[in-house]
Amino acid sequence: MSFRLELEKTDLTPYVLIDEENGLMRFEGESYHENIFEFFKEIREWLTAYLETDFDAFTFDCELKYFNSSTVKVLLGMLLEMDNSDNCDNITVNWITTKNNRIIIECGEDFEEDVENLTFNLIAN
């Protein structure tokens, strides 16, 4: 059975969808919980295990409108883990924001520079 996790967004945490069967992870909303490392713990553990499997394709859609510096650390760690996986050629990251959210665009540009092996799409609508 494939792993599936869906968490509704709150004032402090994002909507999270992990659909292993379809090779999808999606974050949407805002992320500035006081203990964001604990919030993402199960997600990070799943991702680590998943990246060790032989998957055909995996897409990470990240559409966060705001996040704190702790979330940046979590996201960068996840992206680097994806980038260093044996299946990194099968991973697509869609960094989604609006044209006027300069901070999120710049963060996406920085992340894109930090990864070498992922398909990284910066999408500013």
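# Salt bridges, patches and strands

User: Where in the chain is Glu-8 found?
Analyst: The model is predicted: local features need pLDDT of at least 70, side-chain atom pairs count only at pLDDT 80 or more, and totals for chains, interfaces and linings use all residues. Residues are numbered from 1 along each chain as its sequence is written, and side-chain values use heavy atoms, with hydrogens and water left out. Helices (H or I, at least four residues) and strands (E, at least two) are DSSP runs, numbered from the N terminus. In these terms, Glu-8 is in the loop between β1 (4–7) and β2.

User: Is Glu-8 buried or exposed?
Analyst: Buried means under 20% relative accessible area, exposed over 50%, and partly exposed in between (1.4 Å probe, protein chains only). With a relative accessible area of 59%, Glu-8 is exposed.

User: How far apart in space are Glu-8 and Asn-22, C-alpha to C-alpha?
Analyst: In sequence, Glu-8 and Asn-22 are 14 residues apart. In space, the C-alpha to C-alpha separation of Glu-8 and Asn-22 is 19 Å.

User: Which residue in β4 is the bridge partner of Glu-28?
Analyst: Two strands pair if DSSP finds at least two bridges between them. β3 and strand β4 (residues 58–67) run parallel and are joined by eight bridges. In β4, the bridge partner of Glu-28 is Glu-63.

User: Which residue in the turn between β2 and β3 has a positive phi?
Analyst: Strand β2 (residues 15–19) pairs with β3 in the antiparallel sense over five bridges. The two strands form a hairpin with four residues between them. The turn residue with a positive phi, about 60°, is Gly-23.

User: What separates the closest N and O atoms of Arg-26 and Glu-28?
Analyst: A salt bridge is a side-chain nitrogen of Lys or Arg within 4 Å of a carboxyl oxygen of Asp or Glu, and by this rule the count comes to nine. Arg-26 is buried at 17% relative accessible area, whereas Glu-28 is partly exposed at 27%. The two form a salt bridge, and their closest N and O atoms are apart by 3.1 Å.

User: In which helix do Glu-45 and Lys-41 both lie?
Analyst: Glu-45 and Lys-41 form a salt bridge at 3.9 Å. Both are partly exposed, Glu-45 at 48% and Lys-41 at 42%. The two are four residues apart, about one turn of the helix, in α2 (residues 41–51).

User: Which residues do salt bridges with shared partners join into one network?
Analyst: Arg-102 and Glu-109 form a salt bridge of their own at 3.5 Å. Arg-102 is partly exposed at 44%, as is Glu-109 at 31%. The network joined through shared partners consists of Arg-26, Glu-28, Asp-61 and Glu-63.

User: How much accessible area do Leu-12, Tyr-32 and Tyr-66 have together?
Analyst: Patches are made of residues with over 30% relative accessible area and no salt bridge, like charges being joined within 9 Å and nonpolar side chains (Val, Leu, Ile, Met, Phe, Trp, Tyr) within 5 Å. Tyr-32, in the loop between β3 (24–31) and α1 (36–39), is partly exposed at 31%. Areas come from the Shrake-Rupley method with a 1.4 Å probe, and for residues only the protein chains shown count as cover. The three residues form a nonpolar surface patch whose accessible area together is about 260 Å².

User: Which residues form the negative surface patch?
Analyst: Lys and Arg count as positive and Asp and Glu as negative, while His and the chain ends are not counted. A charge is placed at NZ of Lys, CZ of Arg, CG of Asp or CD of Glu. Asp-114, one of the patch residues, is in helix α4 (residues 102–114) and is partly exposed at 39%. The negative patch is formed by Asp-110, Glu-112, Glu-113 and Asp-114.
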